[in-house]
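Here's a quick briefing to read alongside the model. Have the sequence and the 3D view open while you go through it.

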Amino acid sequence: MKGISSAPGDYVHFKSQVPLYKISIGSKQWRYYDFGPKSVLPLICIPGIAGTADVYYKQIMFLSLKGYRVISIDIPQVWNHHEWIHAFEKFLDTINVHHVHLYGTSLGGFLAQIFAQHRPRRVKSLVLSNTFLETHKFAAAMPWSPIVSWTPSFLLKRHILTGIHDGPHEPFIADSVDFVVGQVEKLSREDISSRLTLNVNVTSVGPLLLPDSFITIMDTNDYCAVPQELKDQVSERYPGARRAVLKTGGDFPFLSRPDEVNLYLQLHLRRVGLEAKPALLQGVSGDGSSGSSSDEKKGGGHLDKPPEDHGSPGAGDGGDHQPQASGSEVHGLDEQFLSNREITSMTLGTLFFLMQAPYIPSLLEFYKGALYITCKRRSEFV
C-alpha cells in the first residue's frame, strides 16, 4: 500500500491543505472533503467501487481555485439503493446543503442517477462518467453475490483489482491505477462488501425529471471496466445530453487526464448556470473554508462551518492544516483564458464539446487556433 511519503507530490500538498471530515449520521459513517466557498452550490463527487473521497483531489484543488465548492465523499456502508437515497439525503441535510450538482463515475454515476430519480428537486445537474443504467449484467457475472458479506477481505480486493486493466498503460494511466490500488487497500471488508452488493443489487434507473441539457456524459474511448454496451445505453437514454469524449484515460480519467476532466467540469458548471465566486478565495481558514475575513465581518460571503462530529473518531485528518497559499491571481471565468497546459491537453473531442453550446465566438476561434497550432506542432514533431 502506498503511504503519504510515496504519494504524488500534488497529493501530499492537497493533504496538507484540505481537511478530511468524518461524521456519524445515524448508523452511517461519512468520510468526505468539503473545499471552496460555502456560499456556492456544491459539486459533489461520488466514486466507483474502487474509489475513495481522495481520488478526486485534482478536481478539488482545481475547481476550488476557480471559485467553486467541491465535496468529495466515500460511499458509506449501505446495502441497497433505497438505503443509499435516504442516507445521502440525511448527509446533505446534516451539512446544510439543499441543492447539488453531482459528478459520478462508474458505480458513483449510477448512484447519482438513482438519487436524481427519487429526489429530483435536490439535483440541479449531472456529470456521468463511464457509468451505466442497470446492474443486471454485473449480477449475472457475480453468482457468488449472496455470500459477499462473508467473503474475506483479500478475496474481495482481488475481485475488484482483477477488473482493472493491468497494462500496458500510458505512464499517466499507470500512475492513476497505482493510486487507486493504494486507495483500495485502505477500504475495510464491510466497505467493499456493501459496494459490491450495490453493484449487483438488480435494479435500473427510471426516467429523470432533469432535462437532458443539464446532463454531461463524459466517457473514455479506451479500455474501461464498464462494458461499452452499457455506456451506450446511457447515451441513448439522454440523447440531448452534452458529450465529452476523452480519447484515453482508462477507468480513472479524473486522475490520468485531470486537465481535460477539469475543463469539462468547469464548462458544464458554467453552462448550467452555477456562478463561481473566486473573490472569496483571498484566504483559507484552518477548517478548509475559503473566504475573505473582511467579507465575513461585513456580513457578506458568510461561510457555513463544517458539521460537528457526532461520535466519530475525529472530524479532521489527524493534524493541523496550514492555510492554503494562492500563488496566482484568481479571475472570473468570463475574464479568463485557458492556460497553455490546458490548451495543449485539449483533443478534438474537447473542441466538439465546445461547439455544442453558444459560447463567445471569439473565444471559440481562439480555441480552434490554439488546437490547430498544437496539432501542427505535434505532427512536425512526429
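The crossing of α6 and α8 is left-handed, meaning that the near helix is turned anticlockwise from the far one by less than a right angle (clockwise would be right-handed). Before going on, some ground rules: this is a predicted model, where local features need pLDDT of at least 70, side-chain atom pairs count only at pLDDT 80 or more, and totals for chains, interfaces and linings use all residues. Residues are numbered from 1 along each chain as its sequence is written, and side-chain values use heavy atoms, with hydrogens and water left out. Helices (H or I, at least four residues) and strands (E, at least two) are DSSP runs numbered from the N terminus.

**α6 against α8**

- Helix α6 covers residues 153-162 and helix α8 covers residues 189-200; they pack at an angle of about 45 degrees with axes 9 Å apart.
- Those axes are lines fitted to C-alpha atoms, for helices over the stretch in contact, and angles run from 0 to 180 degrees between N-to-C directions.
- α6 and α8 are therefore oblique to each other; the cut-offs are under 35 degrees for roughly parallel, over 145 for roughly antiparallel, 65 to 115 for roughly perpendicular, and oblique for the rest.
- On the α6 side, S153, L156, K157, H159 and I160 meet R189, I192, S193 and L196 of α8, where contact means heavy atoms within 4.5 Å.
- The residues of this α6 and α8 contact split into 4 nonpolar, 3 polar and 2 charged.

**α3 against α4**

- The axes of α3 and helix α4 (residues 107-118) come within 10 Å and cross at roughly 80 degrees.
- That makes α3 roughly perpendicular to α4.
- H81, W84, I85, F88, E89 and L92 from α3 meet F110, L111, I114, F115 and H118 from α4.
- Here the contact residues come out as 8 nonpolar, 2 polar and 1 charged.

**Two mostly covered helices**

- α8 has 10 of its 12 residues buried, with buried meaning under 20% relative accessible area, exposed over 50%, and partly exposed in between (1.4 Å probe, protein chains only).
- Elements covering the buried residues of α8 include α3, α4, α5 and α6.
- From first C-alpha to last, α8 reaches 17 Å, close to the 16 Å expected at 1.5 Å a residue; the expected span is 1.5 Å times one less than the number of residues.
- α11 (residues 258-271) reaches 19 Å, close to an expected 20 Å, and 12 of its 14 residues are buried.
- Buried residues of α11 include P258, Y264 and H268.

**Backbone spots and a loop**

- Most residues other than glycine have a negative phi.
- N96, in the loop between α3 (81-94) and β5 (100-105), has a positive phi near 60 degrees and counts as partly exposed at 43% relative accessibility.
- N130 sits in the loop between β6 (123-129) and α5 (136-140); its phi is positive too, at about 45 degrees, but N130 is buried, at 2% relative accessible area.
- Just after α11, G273 takes a positive phi of about 90 degrees.
- G51, in the loop between β3 (43-46) and α2 (57-65), counts as buried at 6% relative accessibility.

Notes: Ala, Val, Leu, Ile, Met, Phe, Trp, Tyr, Cys and Pro count as nonpolar, Asp, Glu, Lys and Arg as charged, and the others, Gly among them, as polar.
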